Amino acid sequence: MKWPFQKAETDLDLEVRYHLEALADGFEKEGLTRAQAMKRARAEFGGVEKIKDECRDESRWNWVFQIGQDLRFGWRMMRRSWPITAAAVATLALGIGATTAILTLADALLWRSLGVPNPEQLTELLWTSKDRPEGLIRGSSGSSFMDGGLRVADFFSQNGYEAIRQAAKGKAEVAAHINDSAVSTSFAGKVTVAVMRGVSGNFFPMLQVQPFAGRMLSDADEQAGASPAVVVTHWYWAKHLGNTEDAIGKTIMINNIAYVIAGVLPPEFTGIVPGDPTDIFTPVIFESNFMSEEGWYRKAKTDPQSWWIQLLARRAPGVTPQQLQSAIEPAFAASWPAQPKSAEATPRVRLLDAAQGLGKIRRRFGDPMWTLLGLVVLVLVIACANIANLLLSRAVEREKEAAMRVSLGCGAGRLMRQFFTESMLLAAIGGVASIGVAMVLSKLMVNLLPNGLGEMALSTGIGLRALLGAGAVTVLTALLFGLYPAWRTARVSAAPALKEGSGTGGTMSRARWAPAKILVLVQVALGVLLVTAAIVFTARLNELVAKDTGFERDHVLLFDVRPGEIGYKGDRLQRFYFDLEERLGALPGVESVGLARTRPMRGGGYWDDVGIPGEKKRVGSAIHHTNWGFIPALGVPIVAGRTITVQEARAKAKVAVISENMVRELGLASPVGSRIHFDKFDYEVVGVAKTARYSEMDRATPPVLYIPFPYERTAATVVLRTAVPPLTVLAAVREQIRELNRDLPLVDIYPMQDQISRTLQRERMFAWLCGSFGVLALVLCGVGLYGLMSHTTARRTGEIGIRMALGATRGNVMSQVLFEGLLLAFAGLLLGVPLALYAANVATTQKLLPEGATPYWTLAAAIAGLTAAAVMAVLGPALRASSIDPMQALRRG
Amino acid sequence: MAKKSDLLQGTLDLLVLKTLAAEPMHGYGIAQRILLSSRQVLDVQQGSLYPALHRLERKGLVSSEWREGDNGRMAKVYSLRKAGRKQLEDEMEEWSRYIAAIQCVLEA
């Protein structure tokens, strides 16, 4: 294909050639040879190239030719001052890239709406109470969080759900879903681990999701007599089910139970929470926890004191959340099995807008994301200041050139266009580079985010809107300051600029450098803030990671086995666990073999109340169902009594080990030998363990109850204490398990250290990003200061030459330049300190930082870092100034 | 050969429009016609016709299309548009007034 301007060029060529040949034909008839005739024709015609050029000037495509000229000239100018160009491009790329990456992430986590029609109608149903609603809830599954003294929870009982659904009829459709869980699947001979979520039959009709293929689940799928059916996400179908519609109606084995694949969800539906890891949806009654015989859910379904269902509703058009709330509040209260003990312990419905999905992720990542957004905006401001500065210094250099062009007849418009083109060229190169930076940064964030969340954030690539937004700001800056010289030249007459000699002779007027100095000042001040933030949050992460866990964390290996899912049952299952304990225990390098229902340090877990028989007092505590080897394997010291024995564990004896803080909270005088009450049974306390962490690093350490592991469990976490680095025993462990059963996979294998850092992903991501912003700020400030100082010294070559001729030593000159640069930097630092202190104060009130962590030493470190950067930035220009040869400088001036 | 005269600034456009008023023509033809009708008095470099033609085309006074020329080659043929005809009338009127004014002064 030809561009219009290319066609114009060939047309012009043909037209002129026609004329020349027609003339030549005539001359040939007069008796000239062809060559002579052509020569004569050219003479009659006039200068061919000159005329063509004049034609081009008249062409509609004239601007294309001129842009070509402008670009070529711009490119030459950029190459001539390549350090400035490189600095400007790098600044653009880093500034836009970082902003884009963060905005993309924020969009995915906070702002993107669910992929369903009219997402603004969706409402999450929660309840709040000040005190724990005693008597209403015995057991729960779900999540809760604190909001200004109120406990907010997302779980309801089966009859609570039914009552609410009834009461909301006409105002809203209320659907249920339950916590997701990992399952193993087998389809067409391929075995995978997937995430399954149970939902009510009206869940997809409520969301108004249309199937990509097959059908969605409906109320009929949870009627008595229905066979287990699933719908899968588009992603899972494409990756694991062969990406063909043939999969519809086929059977997929999930935890060894057959399910029919009913349909595939559309690609735009990625779940009900940002980064939803769910691959497979099934009716609640067919969810894997429901299918297992020992399942807690089965009992929960008929127990009004078990709260385990989460609710999502779609309001009918025109119904306000307040109307919905007042409609369901009485029904909710009427569904309770008993009256609340007090007004404080009375649950109240709370509605939460769910257009962007459930609030879980926003609650967890919202505050850090807003902080990161704030910081990245500062980075962008610094970057823009840098570009402004670099272009300003170039502008001063080019004033003479511009004046020359004007005096040779170049119009102001044409001059503006030249500078405009150059700025655009710069912006374009920086923009392209910024895409690379954004992608690298995004990759980094994916690795820092919890499973699925990162992939989700990038599922749509780096956000185009974010890229355009960040790009627009920076490009605007580039244009603004790129056009400045043209604007100046158009205003002032050419003569004085031309007369200013070579431009290196005079001293610069202070006024002209004032904007540049202010920009550097602002940069350094913001730099203090960013670098301080970087140090503070990195230090906070290290502190959290290093925090005492109460157990010996080196030399522990964790992995899961799920024998129940490949058909082990009853005695055979029990035998399997006994064999596992013996085989692994006999391995060289393995000191003890622990089995547990809950994986330590994963977050969440099994929580319930523990009390003293006959007393009303209850202590909320974390429960570890363990075998006899667990406590030594985890490395929790026993401070009194003993641990659980092999016989007790295997006989499921009613014995318990409790943590020191539980002893304190229950107020037991002599704990060993006393009795405690938990879940309908009394247990004899045989030992007291040192207080140790259960599942999270960033919360208070809870009381922990250790009781014997029931060997009927379908899955367990194996905890190995090793005498050698933990991963070195892995090969032998695999070998032993293969000998037990070659179809049994080991799942989620981590040394304890890695497991702990995984629980701190949010803090890790935050610290990493703050850290990189800090480094970025340091670099950008350095570049800004360097640009300013190298240009002021270059402009003052003549002045320095005179000083040296009058007796100034090289040392004098150098220290003068150093002094000027550092004075500027220190002024910036001085401005930055109160800024940083104020920000630290805000961070503390926002609970991003612990109380009383006023970062004086970090502030000092940040100042030291920036000072070092400033010295490095100023040293180059200072050295160059001191090596000026006075004779040459004067001669040139 | 008679002594040649320089072309007055700005009159080339007028000549081109006038020439095209008779019939559509390619650049070579226009050049020959102007030379012929001026009895070879006007000293116009033939090439300088083209910037004028392109200018008139950009202003929308003439249009162009490719047609087969006399020698079998493709030639770009220009024809006068409505706006061009109007422009021609205006400029001819202007020109007559100009000539008349000059005459008045010279004969006074």
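The views below are taken from a predicted model.

Figure 1. Helix H2 (27-37), helix H3 (49-58) and strand S3 (74-80) of chain B are the elements that give two or more residues to the side of chain B that touches chain A. Of these, H3(B) gives the most, with 5 residues. Sorted by class, this side of chain B holds 8 nonpolar, 10 polar and 5 charged residues. The number of salt bridges between chain B and chain A is 3. One of the salt bridges joins the side chains of B:Arg73 and A:Asp25, at 3.3 Å from N to O.

**Figure 2. Buried area at the interface of chain B and chain A.** The size of an interface is often given as the accessible area lost when the parts come together. For chain B and chain A, about 1,900 Å² is buried between the two, and 56% of this area lies on carbon and sulfur atoms. On the chain B side, B:Tyr28, B:Tyr50 and B:Trp66 lose the most area to chain A, and together they account for 30% of what that side buries. The contact draws 23 residues from chain B and 21 residues from chain A.

**Figure 3. Packing of helices H18 and H22 of chain A.** Two packed helices are described by the angle between their axes and the distance between the axes. Helix H18 (residues 570-585) packs against helix H22 (residues 730-740) at an angle of about 150°, and the axes are 10 Å apart. The crossing of H18(A) past H22(A) is right-handed. From H18(A), A:Phe576, A:Asp579, A:Leu580, A:Arg583 and A:Leu584 meet residues of H22(A), namely A:Val733, A:Gln736, A:Ile737, A:Glu739 and A:Leu740. The residues of this contact comprise 6 nonpolar, 1 polar and 3 charged.

**Figure 4. Packing of helices H24 and H26 of chain A.** Helix H24 (residues 761-795) and helix H26 (residues 810-845) pack at an angle of about 145°, with 11 Å between their axes. H24(A) and H26(A) form a right-handed crossing. The H24(A) residues A:Leu785, A:Leu788, A:Met789 and A:Thr793 meet A:Val817, A:Glu820, A:Gly821, A:Leu824 and A:Ala825 of H26(A). By class, the contact contains 6 nonpolar, 2 polar and 1 charged residues.

**Figure 5. Surroundings of A:Tyr750.** A:Tyr750 belongs to strand S26 (residues 747-751) of chain A. Leaving aside residues up to four places away in sequence, A:Tyr750 touches A:Val556, A:Leu557, A:Leu558, A:Arg599, A:Gln755 and A:Arg758. A:Val556 lies 194 residues from A:Tyr750 along the chain, and the C-alpha atoms of the two are separated by 8.7 Å.

Key. Residues are numbered from 1 along each chain as its sequence is written. Chains are lettered from A and ligands numbered from 1 in the order in which they are written. This is a predicted model: local features need pLDDT of at least 70, side-chain atom pairs count only at pLDDT 80 or more; totals for chains, interfaces and linings use all residues. Side-chain values use heavy atoms; hydrogens and water are left out. Axes are lines fitted to C-alpha atoms, for helices over the stretch in contact, and angles run from 0 to 180 degrees between N-to-C directions. Helices (H or I, at least four residues) and strands (E, at least two) are DSSP runs, numbered from the N terminus. A crossing is left-handed if the near helix is turned anticlockwise from the far one by less than a right angle, and right-handed if clockwise. Contact means heavy atoms within 4.5 Å. Ala, Val, Leu, Ile, Met, Phe, Trp, Tyr, Cys and Pro count as nonpolar, Asp, Glu, Lys and Arg as charged, and the others, Gly among them, as polar. Buried area is the accessible area (1.4 Å probe) that two parts lose on being put together, summed over both. A salt bridge is a side-chain nitrogen of Lys or Arg within 4 Å of a carboxyl oxygen of Asp or Glu.
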